[in-house]
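I opened a notebook page for this structure. The entries below follow the order in which I looked things up.

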Amino acid sequence: MSWGTELWDQFDNLEKHTQWGIDVLEKYIKFVKERTEIELSYAKQLRNLSKKYQPKKNSKEEEEYRYTSTRAFLATLNEMNDYAGQHEVISENMTSLIIGELTRYVQELKQERKSHFHDGRKAQQHIETCWKQLEASKRRFERDCKEADRAQQYFEKMDADINVTKADVEKARQQAQLRHQMAEDSKAEYSSTLQKFNSEQHDHYYTHIPNIFQKIQEMEERRIVRIGESMKTFAEVDRQVIPIIGKCLDEITKAAESVDHKNDSQMVIEAYKSGFEPPGDVDFEDFTQPMKRTVSESSLSNSRGDGKYEPKFGSKSKGKLWPFIKKNKLSLKLGAGPEDFSNLPPEQRRKKLQQKVDELNKDIQKEMDQRDALTKMKDVYIKNPQMGDAASVDHRLSELEQNIEKLRLEVQKFEGWLAEVEGRLPMRTEQARRQSGLYEAQNTSAVNSCAQDRESSPDGSYTEEQSQETEMKVPATDFDDEFDDEEPLPTIGTCKALYTFEGQNEGTISVAEGEMLYVIEEDKGDGWTRIRRNEDEEGYVPTSYVEVYLDKNAKGAMTYI
């Protein structure tokens, strides 16, 4: 099956067919391009959807995500973000493996097709030229033959006429002979031209055209194979992301299975439990006796005699119904009440105080980390004066020491209030104690000491006296060892420098805008990220100067921009 032998006379149709094949290829490229645009649009919409329902930072909505059901929903949003990423991968792979490759192939195909049909037209023009030469030779032979016949007839007429001189007859005879000779020459030329044309025609239809058409056939078959391979790649690109998409769906299922209704119910109790006892029975007041109206302990009126109810927040009376009176509803808005949260019920007050103590401890840890880092930097400056002025960090160190001292005093103050509340609450279960926070177990001695100082005060007020027992014990960190590690820390991701940073201080590293580096330690809250350029160059850069890409294995990790 060869186009050269079967389609020797279909040059124009082959030209149209091959152009149609290129049009089909370009149409397929356009189809894949629109598919990639749909994938990108879908991924963008999924990301926007996930972002839309993400909890806002430092808002009440973020606090609601402590329940297992809302945590599962948050995990679903995160997985949908990864799910969208896989559709972006589909678009990228289709663009590079199909659109880019086929676009280059179409250009090469057009050049090859143009070359083959140019050779075909050239061969066609050559055979047409040979045919024209044959026709010209044939007409010339025909003309010379006619001229020779006319010359022969004229000679015979002159020879038969007795009135014509012998010289005229001889002249006519010579003319006839000349014409016959010219006819013979034209005949020989025509015969030679005919043989040559037949040879050229045979080569044209049995050698040149078959070779050209065979090349065109091979070109067309390669195009067909190429578009088939592209369709296969089209399916493989989708198939490659199926395992990752399946993993995302598995994580969503896992998050759904982690929903615990019992745990959520217990968390509602922890969130809204007031710590008060239910009101007792209301005493009977006998108005038939001629006596002054008495006020029972369980009445809604108080003992001041003005008929107005003024509840005392810390009262131990079991008969008070003030939690159910609309006008005395508690405001639970942050910052709406006094500093010691005395406007809250006991259990809620304890939670707020514990939360405040934990926040202050975190702030102290941050300040201490910065102080330790500056102390190390100062030591380096002292040993190597050319690297910097050691006195330049003294002012900042002094500020940090003052901040730490202030925060410690704040911790002591809130610990005292916390001890007071815990002393008044009923005995909590062991599970509730574990849920109250890690700091409670670590600082029991300090809390008890503050409680004793508070109870010993005659007026019940808290005195901010410092002693060795009441000072907060800050747990040791591994920050001091970060500059002395003998083995390099493993990389946890990569980052791209958004701006140029000149690291002039000890422990920092200079980076150029657009440079890619390795991340070996995340930002701990002090605004610095530890990176590595190679085995010998590592240090800290401001977190706002880099865009961090943590390894995908670390699910839920944040990217700092």
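I started with a charge over a ring. Arginine 226 lies over the face of tyrosine 105, 4.6 Å from the ring centre. I used this test: NZ of Lys or CZ of Arg within 6 Å of the ring centre and within 35 degrees of the ring normal. The model is predicted, so I kept its limits at hand: local features need pLDDT of at least 70, side-chain atom pairs count only at pLDDT 80 or more, and totals for chains, interfaces and linings use all residues. Residues are numbered from 1 along each chain as its sequence is written, and side-chain values use heavy atoms, with hydrogens and water left out.

I then looked up leucine 102 and arginine 226. They are 124 residues apart in sequence and 8.3 Å apart in space, C-alpha to C-alpha. Leucine 102 is found in helix α4. Helices here are DSSP runs of H or I with at least four residues, strands are runs of E with at least two, and both are numbered from the N terminus. Leucine 102 is buried, with a relative accessible area of 1%. My cut-offs: buried is under 20% relative accessible area, exposed is over 50%, partly exposed is in between (1.4 Å probe, protein chains only).

Next entry: the helix pair. How do the axes of α4 and α5 cross? Helix α4 covers residues 68–160 and helix α5 covers residues 166–257. Their axes come within 7 Å and cross at roughly 175 degrees. Axes are lines fitted to C-alpha atoms, for helices over the stretch in contact, with angles from 0 to 180 degrees between N-to-C directions. α4 and α5 are therefore roughly antiparallel to each other. The classes I applied: under 35 degrees is roughly parallel, over 145 roughly antiparallel, 65 to 115 roughly perpendicular, and the rest oblique. The residues of the α4 contact with α5 divide into 45 nonpolar, 19 polar and 23 charged. Nonpolar takes in Ala, Val, Leu, Ile, Met, Phe, Trp, Tyr, Cys and Pro; charged takes in Asp, Glu, Lys and Arg; the others, Gly among them, are polar.

I turned to the aromatic rings. The structure holds 12 aromatic pairs. Rings of Phe, Tyr and Trp (its six-membered ring) pair if their centres lie within 6.5 Å; planes under 30 degrees apart are stacked, over 60 edge-to-face, and the rest tilted. Phenylalanine 31 and phenylalanine 234 have ring centres 5.6 Å apart and planes at 35 degrees, so this pair is tilted. Phenylalanine 31 lies in helix α2 (residues 11–52) and phenylalanine 234 in helix α5, so the pair ties together parts 203 residues apart in sequence. Phenylalanine 234 is buried at 16%.

A second pair went into the notes. The rings of phenylalanine 501 and tryptophan 528 have centres 6.3 Å apart and planes at 70 degrees, so I logged the pair as edge-to-face. Phenylalanine 501 lies in the loop between β1 (493–497) and β2 (516–521), and tryptophan 528 in strand β3 (residues 528–532), so the pair ties together parts 27 residues apart in sequence. Phenylalanine 501 is buried at 13%. Tryptophan 528 is partly exposed at 31%. Tyr499, Phe501, Trp528 and Tyr545 form one aromatic cluster.

I followed these strands into the sheet. What is the strand order? The sheet is open, has five strands in the order β4-β3-β2-β1-β5, and pairs antiparallel. Strands pair if DSSP finds at least two bridges between them. The edge strands β4 (538–542) and β5 (546–550) each pair on one side only. The twist averages 40 degrees from one strand to the next.

I checked the pairings in turn.

- β1 and β2 pair antiparallel over four bridges; threonine 494 stands opposite tyrosine 518 in β2.
- β2 and β3 run antiparallel and are joined by three bridges. Valine 519 stands opposite isoleucine 531 in β3, and the bridge partner of glutamate 521 in β3 is arginine 530.
- β1 and β5 pair antiparallel over five bridges; cysteine 495 has valine 548 in β5 as its bridge partner.

The hairpin of β2 and β3 has six residues between the strands, and glycine 525 there takes a positive phi near 110 degrees. Four of the five residues of β5 are buried, so β5 is largely enclosed by the rest of the structure.
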